[in-house]
Amino acid sequence: MAIRWKHNIDLDLYATPRHGAETLYFEHVRSPEGYYYKDHRSSPGREYEFIEFESPVDAREVEAFINFFKGRCPGGPHGEVRIEFDGRIYGAPFAISAEEGNLGRSGQSQQEFWTRIPVQEILKLSQPTARGG
């Protein structure tokens, strides 16, 4: 899964393969499932900031987010999400409403600085079923 954008700002990609697993992002670049590649601190141009899962994961359980980390962008940042899955490449636009970065803070008051990547919608998959236990 990858992101790219055009503005000279710092966006960050976060992805977790399943509930309870380690989240990959710029400060945690390796996990048992995969790795985070290259923290672009400004527009990556034609490149992408990406996370690759090297071991099999259930795409219905993957959660991913983009954070507007640093910089200023009137109208809020936007760009492209790309997901390579099952031999195909899927793309979708993304947008964040905040006009300046929040240095990665999270919580209820920080929602405008984050956007969820709708992985399952992009891949046209159904959500995982609830598990009892």
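Leaving aside neighbours within four places in sequence, Q110 is in contact with N102 and R105, where contact means heavy atoms within 4.5 Å.

What we have here is a predicted model, in which local features need pLDDT of at least 70 and side-chain atom pairs count only at pLDDT 80 or more, while totals for chains, interfaces and linings use all residues. Residues are numbered from 1 along each chain as its sequence is written, and side-chain values use heavy atoms, with hydrogens and water left out.

Returning to Q110, this residue sits in the loop between β7 (88-95) and β8 (114-117); strands are DSSP runs of E of at least two residues, helices are runs of H or I of at least four, and both are numbered from the N terminus. Q110 counts as buried because its relative accessibility is 10%; buried means under 20% relative accessible area, exposed over 50%, and partly exposed in between, with a 1.4 Å probe and protein chains only. The side chain of Q110 also makes a polar contact of 3.3 Å with that of S109. A polar contact is a pair of N or O atoms within 3.5 Å; within protein, one must be able to donate a hydrogen and the other to accept it, and residues adjacent in sequence count only if both atoms are side-chain atoms.

Q120 is buried because its relative accessible area is 4%. A polar atom of the Q120 side chain lies 3.0 Å from the backbone oxygen of A59.

I turn now to the core. The largest nonpolar core has 29 residues, and M1, I3, L11, I66 and I117 are those with the most contacts inside it. Two or more residues of this core come from each of β1 (2-5), β2 (10-16), β4 (49-53), β5 (63-70), β6 (78-85), β7 and α1 (119-122). Such a core is a set of buried Ala, Val, Leu, Ile, Met, Phe, Trp, Tyr and Cys residues joined through side-chain atoms within 4.5 Å. Beyond four places in sequence, the contacts of M1 include L13, F50, I51, R82, I83 and I117.

Which residues lie nearest the centre of the largest pocket? They are M1, I51, I83, E84 and F85, from a lining of 20 residues. β4 and β6 each supply at least two residues of that lining. The space in this pocket is about 510 Å³. On a 1 Å grid over the protein atoms alone, a pocket is an open set of points where a 1.4 Å probe fits, with protein on both sides within 12 Å along at least five of seven lines; lining residues have an atom within 4 Å of a point.

Finally, the charged pairs. The whole structure holds eight salt bridges, each a side-chain nitrogen of Lys or Arg within 4 Å of a carboxyl oxygen of Asp or Glu. One of them joins E80 and R82 at 3.4 Å, N to O, and R4, E80 and R82 are linked in a network. E80 is partly exposed at 23% relative accessibility, and R82 is partly exposed at 33%. D58 and R60 meet at 2.9 Å, N to O. In the pair of R41 and D39, the closest N and O atoms are 3.5 Å apart. R41 counts as exposed because its relative accessibility is 63%, whereas D39 is partly exposed at 22%.

Terms used. Grid points are joined across faces, edges and corners, and a volume is the space filled by probe spheres set on the points.
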